[in-house]
Amino acid sequence: MDKKVLTSEEIQNIKELKQGFFDLTSNLGNVEIQIMNLNLKKEQLKSNLIQLQEQEQVLANQLEEKYGKGSISLETGEFLPLE
């Protein structure tokens with residue numbers, strides 16, 4: 001059986017393809033990590049939003065108990081009751 005040897009150009013092409021696959025899979029892994037981190041951040045922000053909504057509701061209930069139903073002007077601090 002005759003031994004066949006690839007040309008240096010063919011070997012270089014194979015090396016470049018292997019490096020391309022390595023680079024792409026590495027980049028894909030980095031993107032997946034970024035997506036994971038963004039999803040974690042998103043969940044943290046959603047949790048913070050829920051906490052703020054709960055605090056808003058507690059404050060609204062306290063103010064309603066104290067002043068009744070109405071609205072508040074944040075510019076003047078005046079309570080305007082519903083009539």
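1. A residue is called buried when its relative accessible area is under 20%, exposed when that value is over 50%, and partly exposed in between. Leucine 6 has 46% relative accessibility, and therefore it counts as partly exposed. Please keep in mind throughout that this is a predicted model.

2. As for where this leucine sits, Leu6 belongs to the segment before helix H1, a helix that covers residues 8–67. Together with Ile11 and Ile14, Leu6 forms a nonpolar patch on the surface, and the three residues have about 250 Å² of accessible area together.

3. Turning to the chain as a whole, one helix and two strands are found in it, and reading along the sequence gives the order α-β-β.

4. The overall dimensions deserve a careful look, since a compact globule of 83 residues would have a radius of gyration near 12 Å, whereas the chain has 32 Å. The C-alpha trace spans about 100 × 25 × 15 Å along the principal axes of the chain.

5. Burial and surface can be read side by side: of the 83 residues in the chain, buried residues make up 1%, while the accessible surface of the chain comes to about 8,200 Å², with 58% of that area belonging to carbon and sulfur atoms.

6. Finally, on charge, the chain carries 9 positive and 14 negative side chains, and a distance of 12 Å separates the centres of these two sets.

Terms used
Residues are numbered from 1 along each chain as its sequence is written. This is a predicted model: local features need pLDDT of at least 70, side-chain atom pairs count only at pLDDT 80 or more; totals for chains, interfaces and linings use all residues. Side-chain values use heavy atoms; hydrogens and water are left out. Helices (H or I, at least four residues) and strands (E, at least two) are DSSP runs, numbered from the N terminus. The radius of gyration is taken over C-alpha atoms; the globule rule is 2.2 Å times the number of residues to the power 0.38. Buried means under 20% relative accessible area, exposed over 50%, partly exposed in between (1.4 Å probe, protein chains only). Accessible areas come from the Shrake-Rupley method with a 1.4 Å probe; for residues, only the protein chains shown count as cover. Lys and Arg count as positive and Asp and Glu as negative; His and the chain ends are not counted. The place of a charge is taken as NZ of Lys, CZ of Arg, CG of Asp or CD of Glu. Patches are made of residues with over 30% relative accessible area and no salt bridge: like charges are joined within 9 Å, nonpolar side chains (Val, Leu, Ile, Met, Phe, Trp, Tyr) within 5 Å. A salt bridge is a side-chain nitrogen of Lys or Arg within 4 Å of a carboxyl oxygen of Asp or Glu.
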